[in-house]
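Open the model in your viewer and keep the selection panel at hand. The stops below go from a single pair of side chains to the chains and then to the contact between them.

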Amino acid sequence: MKLFKRHNNVLPGFGLSIGFTIFYLSVIVLIPLSSLVFRTAGLTWGEFISTVTAPRVMASYKVTFGAAIIAALINSIFGVLVAWVLVRYRFPGRRIVDALVDLPFALPTAVAGITLATIYSPNGWVGRYLEPHGIKAAFTPFGIVLAMTFIGLPFVVRTVQPVIEEIEVELEEAAVCLGANRRQTLQRIIFPMLLPSILTGFALSFARGVGEYGSIIFIAGNMPMVSEITPLLIITKLEQFDYQGATAIACVMLLTSFLMLLVINLLQKWSRRYAE
Amino acid sequence: MSAPVAIIPRSQNPKGRLQTEPAAVRWLLIAIALAFLTLFLALPLAAVFSQAFEKGLSVYLTALQEPDTLSSIKLTLITAALTVPLNLFFGVTAAWAIAKFSFPGKNLLITLIDLPFSVSPVISGLIYVLIFGLQGWIGPWLQAHDIKIVFAVPGIILATIFVTFPFVARELIPLMEAQGKDEEEAALVLGASGLQTFFRVTLPNIKWGIIYGVILCNARTMGEFGAVSVVSGHIRGMTNTVPLHVEILYNEYNYTAAFAVASLLAFLALITLAVKSVAEWKVRLQLGNE
């Protein structure tokens with residue numbers, strides 16, 4: 001009667017594999033992450049609030065979240081365009097371009113950071129054309145947006161691309177048969193189908209931007225109150241042996257990422273419902 | 001299993017059937033997309049190599065043979081040699097449990113496995129300092145026994161394992177779920193042992209999924225900066241990985257050397273992208289044939 005044990009499953013190794021999975025997950029992820037919560041609990045509520053709302057910290061939130069929103073917006077617009085062009089149009093070098101989209105996943109952030117800083121510095125490849133127009137890119141908040149756009153780009157393309165691939169041609173044909181012109185088809189049929197995935201891509205790109213450190217610090221200039229991102233502030237506090245302060249700010253960031261994770265999960269549920 | 005039409009990938013559909021934009025609009029959109037990608041992706045990539053070779057090949061090679069550079073390469077290789085196999089083993093085990101069995105709390109487990117992706121790298125490093133650091137939970141005990149974890153090699157490895165934790169698992173879970181368990185069940189009914197079933201039936205089926213996960217895990221392992229930066233302590237020649245060494249060289253205004261070392265990582269990224277594309281294509285092919 002072994003067949004009826006373990007939910008009618010004859011495959012072996014469930015106990016062993018699930019046991020190891022939970023053990024490894026606890027040791028590497030859950031217990032270390034919980035240390036953050038416990039350390040923060042050592043602070044009184046008043047101390048916690050005054051630490052995480054200090055002017056320099058508030059300024060860093062503004063820079064980090066503001067830049068991440070702008071970068072995610074840029075990525076949403078151009079990411080959808082890139083995904084559309086890659087799926088729907090044929091042009092020479094399309095496969096190479098498709099593979100290159102993942103570069104920000106594969107290129108170490110430190111390399112991206114020093115490269116972007118070099119290109120956008122006043123005598124760099126791009127910076128020298130911005131400088132005469134009075135645009136300073138490197139070592140300003142604008143540089144932070146550039147770095148966040150770079151690292152967030154694949155998220156939008158890779159979430160929207162499969163959805164465009166799945167669109168039934170018949171739907172577009174039906175729209176045309178019913179008298180819709182191309183603009184109406186795009187606006188009323190295709191855009192609503194893409195919307196959940198665009199929002200998911202936006203959220204993923206935003207979340208990545210908020211947490212990003214390596215590619216930003218080289219191009220940001222890191223001026224307190226102006227271009228200092230929150231992850232850098234955590235490191236600064238740590239280097240001053242202000243463990244409590246670092247932990248409290250990290251806790252706020254962790255909470256934000258959990259919120260983002262929740263939103264992304266809900267969005268993905270929504271887009272899956274659309275797909276069915 | 002599905003309707004025969006679905007087997008033909010969309011890209012092979014006769015183009016004429018697709019409603020599309022006028023040619024002028026099409027080429028305009030392609031041009032805008034390519035201009036954006038050139039500015040944001042191709043240009044930085046070209047800049048790495050251009051800066052690295054700016055002062056000629058001999059300067060490039062000298063920069064790479066510097067002792068501190070060599071020791072950072074060695075540390076990065078050691079880190080990868082420990083991190084990747086551990087996370088590979090975990091990924092296969094977790095995917096086996098999750099994809100082949102049903103149990104309550106499965107979705108929660110998948111979310112928890114994905115967790116490190118949504119945590120800022122800086123926080124990934126910080127949590128290990130909080131536990132193993134001098135002011136941490138077991139820091140004093142460690143110091144009494146003269147064991148160094150944070151600001152030493154073990155801390156770097158731990159933080160890297162955390163950051164790359166989900167890579168293999170999250171690639172294998174959907175793949176193994178899509179493949180189902182019919183083939184394994186057939187093998188067991190025909191008298192194969194559990195391990196025989198895994199190595200002769202499951203493993204060949206998930207081979208390309210594993211390669212995909214491992215190559216991405218390896219790229220992140222060798223390139224991780226934020227988390228490692230927090231736990232490393234930045235001791236030259238001792239606890240500097242390749243990305244950290246790039247930072248040091250760059251901050252010392254030694255740009256040619258910084259970009260020379262960075263070009264190694266950029267080269268690794270290009271190999272990663274190539275292998276990833278092949279693996280992706282193979283996985284698609286495999287799933288399409290079923």
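Begin by selecting Arg56(A) and Glu228(A): the two form a salt bridge, with their closest N and O atoms 2.7 Å apart. A salt bridge here is a side-chain nitrogen of Lys or Arg within 4 Å of a carboxyl oxygen of Asp or Glu. Arg56(A) lies in helix α3 (residues 55–88) of chain A and Glu228(A) in the loop between α11 (214–220) and α12 (230–239) of chain A, so the pair ties together parts that are 172 residues apart in sequence. Over all chains, the count comes to 15 salt bridges.

This is a predicted model, in which local features need pLDDT of at least 70 and side-chain atom pairs count only at pLDDT 80 or more, while totals for chains, interfaces and linings use all residues. Residues are numbered from 1 along each chain as its sequence is written, chains are lettered from A and ligands numbered from 1 in the order in which they are written, and side-chain values use heavy atoms, with hydrogens and water left out.

Next, colour by secondary structure (helices are DSSP runs of H or I with at least four residues, strands runs of E with at least two, numbered from the N terminus). Chain A has 13 helices and 0 strands, and its C-alpha atoms fill a box of roughly 75 × 65 × 35 Å along the principal axes. Chain B has 14 helices and 0 strands; the box for its C-alpha atoms is roughly 60 × 60 × 30 Å.

Now show the interface. In contact (heavy atoms within 4.5 Å) are 94 residues of chain B and 93 residues of chain A. The area buried between the two chains is about 8500 Å², and carbon and sulfur atoms give 77% of that; buried area is the accessible area (1.4 Å probe) that two parts lose on being put together, summed over both.

Between chain B and chain A there are 3 salt bridges. For a salt bridge between the chains, select Arg284(B) and Glu165(A), whose side chains meet at 3.1 Å, N to O. Then select helix α2 (residues 23–52) of chain B, which gives the most to the side of chain B that touches chain A, with 21 residues. The residues on that side divide into 61 nonpolar, 21 polar and 12 charged, where Ala, Val, Leu, Ile, Met, Phe, Trp, Tyr, Cys and Pro count as nonpolar, Asp, Glu, Lys and Arg as charged, and the others, Gly among them, as polar.
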